[in-house]
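User: Can you walk me through this one? I'd like to start with the loops, then move on from there.

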Amino acid sequence: QFPFGRRLPCDIYWHGVSFHDNNIFSGQVNKFPGMMETVRKITLSRAMRTMQDLFPLEYNFYPRSWILPEELPLFVAEVRMLKDRNPSWKPTFIVKPDGGCQGDGIYLIKDPSDIRLTGSIQSRPAVVQEYICKPLLVDKLKFDIRLYVLLKSLEPLEIYIAKDGLSRFCTEPYQEPTLKNLHQVFMHLTNYSLNIHSGNFIHSASVNTGSKRTFSSILCRLSSRGADVKKLWSDIISLVIKTIIALTPELKVYYQSDIPAGKPGPTCFQILGFDILLMKNLKPMLLEVNANPSMRIEHEQELSPGVFENVPSPVDEEVKVAVIRDTLRLVDPQKKKKKDTQDSLLRVVSAFCIIWSMKDKQHKHHSLKLSLKLKFYLKLGSCPSLEQAAEASEELPEAALPSLCLKQVFPKYAKQFSYLRLVDRVAALFIRFLGVKGTTKLGPTGFRTFIRNCKLSNSNFSMAAVDILYIDITRRWNSMGIDHKESGMCLQAFVEAFFCLAQRKYKSRPLHDQVASLIELCECRLAALHGKRLVWGCG
Ligand code: ADP
């Protein structure tokens, strides 16, 4: 900790809240620029909606959501339409203020007309979402899962998932929502920060009882009931990978703006908290992603009225210590150096073994040279015996640590998911035309250049129409925008414009097909243009 400022560069920077520190030019930072903004309720819902538009089946693990206030009319109309189509549908919705956490300002409603739009909390932008009425219950209680995910690198994408997580329980037996019980937060909301205030909250010294348990203890229980726990894990892994795929385009825009390619800067990694709810049929549903998950391993206990003490929480300790330890192991800057040293050492040891076994005088000088090398690597005072050498080669600190709790899932399963990374490629086009480094919005000239270089305008789609498209979409996004700092077209607006162009060009095909075709066309035309420029440059 550097309360009075830091003078020397570090290998790893562990920031409390966000990426920002203007004085970092190397090493690794435990936060990505823009992560907090990207996982806010509204931004996450938008990113998930884009993916749901492209791949509705693959992204059905996120509840149907609308953004308030701007999508209130749409919400009302869609609910009315769905109810007309299916009169037996009796939905419940959950309203969550944007940027809120710990259950702050959340309430349940049965009808769109119950939305509260006045009052300071109510006038905040919010997400209204279909409420999952049939969650899986354990001991008659609703619970959710907090899983820790390490985003180790954005480019190339590297994702790790912790093998164990936390299960956080409600403190009142669950009943499906009715007008009478809608307000009972201890029945419907699993937040620790809320339930801790219930008289029924149980702090347990064991990891498989009480109001906070390990996820592995729940899995054991499910497995003993005959549930397919392997399938559940594989569904959770795909939920995590797909969610990160939805977030990467926005993160890349922030990344290039804060750490432009080619300039000295740090690399980033980040531990994320995924909140997941299991439905009765064991389908995992994403509730939200937390950019700053609590890493506390203690909880407060009231000794006497008003007197609190921090006491260790065995469940938190079991899960969180492993996550931090393994994150540090995975991002350890010495790791590569150690691996290189170990490889050279093993090469020297095997050569040494061969020559020693020859016991040939001609090779004595080789053996002498090698033993000197060994001394250097092993930092031993005398020429080691083979046993000593073998022992030393295994004497890496890694060997003394427990096996990794963080399991790599990407690129391990990259092949299965790469077809979903379409918006990433749209974001790459966007970044290419951003122009001036340090910005996250595209100006009208950048948009025109994109259209011109990709040869997308023609007699049916004039440059004047291009300008109108830019103005229309940009104005709408900026009018509902959270970020008023910069003018211009944000990534999500560009994605909307891109989808429009794709639909216009490749009529009557599924959206993902239209978008993929337009991406390929643009990439091809830009590559050809780049090739031409190189040739002209040479000429
Ligand atoms: P916060 O950031 O305030 O914790 P969450 O989105 O995590 O907001 O919601 C708080 C709690 O509300 C969750 O832990 C979960 O118990 C419940 N919840 C949230 N969304 C839903 C939903 N769509 N269906 C059922 N329960 C939900």
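This is a predicted model: local features need pLDDT of at least 70, side-chain atom pairs count only at pLDDT 80 or more; totals for chains, interfaces and linings use all residues.

User: What is phi of Lys455 near?

Analyst: Phi of Lys455 is near 55 degrees. That is a positive value in a residue other than glycine.

User: OK, cis peptide bonds next. What about the bond from Glu155 to Pro156?

Analyst: The bond from Glu155 to Pro156 is cis, and its omega is near 5 degrees. Pro156 belongs to the loop between E8 and strand E9 (158-162).

User: And the bond from Phe410 to Pro411? What is its omega near?

Analyst: Omega is near 15 degrees there, and the bond from Phe410 to Pro411 is cis. Pro411 falls in the loop between strand E17 (406-410) and helix H13 (414-417).

User: Switching to the ligand. How many residues surround it, and which are the closest?

Analyst: The ligand is surrounded by 23 residues. The closest are Lys96, Gly103, Thr190, Asn191 and Glu288.

User: Which strands supply at least two residues of that shell?

Analyst: Four strands are listed: E4 (93-97), E6 (126-130), E8 (141-153) and E14 (284-290). Each of them supplies at least two shell residues.

User: How does the shell divide into nonpolar, polar and charged?

Analyst: Nine residues of the shell are nonpolar, seven are polar and seven are charged.

User: Where do polar side-chain atoms lie from the ligand's oxygen atoms? Take Asn191 to begin with.

Analyst: A polar side-chain atom of Asn191 lies 2.7 Å from a ligand oxygen. For Lys41, a polar side-chain atom lies 2.9 Å from an oxygen atom of the ligand. For Asp144, that kind of distance to a ligand oxygen is 3.3 Å.

User: And how much of the ligand's accessible area does the protein cover?

Analyst: The protein covers 98% of it. On its own, the ligand has 540 Å² of accessible area.

User: Cavities now. How many are there of 30 Å³ or more?

Analyst: The count comes to three. The largest cavity holds about 150 Å³ of space.

User: What lines the largest cavity?

Analyst: It has 13 lining residues. Ala47, Ala246, Glu250, Val423 and Gln492 lie nearest its centre. Helix H2 (41-54), helix H7 (229-258) and helix H17 (491-505) each give two or more residues to the lining.

User: How does that lining divide?

Analyst: Eight lining residues are nonpolar, four are polar and one is charged.

User: Last topic, sheets. What is the order of the three strands in the open sheet?

Analyst: The order is E1-E2-E12, and the pairing is parallel. E1 pairs with strand E2 (residues 28-29) over two bridges. Ile12 stands opposite Gln28 in E2.

User: Why is one side of E1 and of E12 left without a neighbour?

Analyst: Strand E1 (12-13) and strand E12 (267-268) stand at the edges of the sheet. Each has a single partner strand, so one side of each has no neighbour in the sheet.

User: What about E15 and E16: parallel or antiparallel?

Analyst: Antiparallel: strand E15 (residues 298-304) and strand E16 (residues 307-312) pair over six bridges. Ser304 has Val307 in E16 as its bridge partner.

User: How many residues lie between E15 and E16?

Analyst: Two residues lie between them, and the two strands form a hairpin. Gly306 is in the turn, with a positive phi of about 85 degrees.

Technical notes:
Residues are numbered from 1 along each chain as its sequence is written. Side-chain values use heavy atoms; hydrogens and water are left out. A residue is near a molecule or strand if one of its heavy atoms lies within 4 Å of it. A polar contact is a pair of N or O atoms within 3.5 Å; within protein, one must be able to donate a hydrogen and the other to accept it, and residues adjacent in sequence count only if both atoms are side-chain atoms. Accessible areas come from the Shrake-Rupley method with a 1.4 Å probe; for residues, only the protein chains shown count as cover. Ala, Val, Leu, Ile, Met, Phe, Trp, Tyr, Cys and Pro count as nonpolar, Asp, Glu, Lys and Arg as charged, and the others, Gly among them, as polar. Two strands pair if DSSP finds at least two bridges between them. On a 1 Å grid over the protein atoms alone, a cavity is a set of points where a 1.4 Å probe fits but cannot get out, and a pocket is an open set with protein on both sides within 12 Å along at least five of seven lines; lining residues have an atom within 4 Å of a point. Grid points are joined across faces, edges and corners, and a volume is the space filled by probe spheres set on the points.
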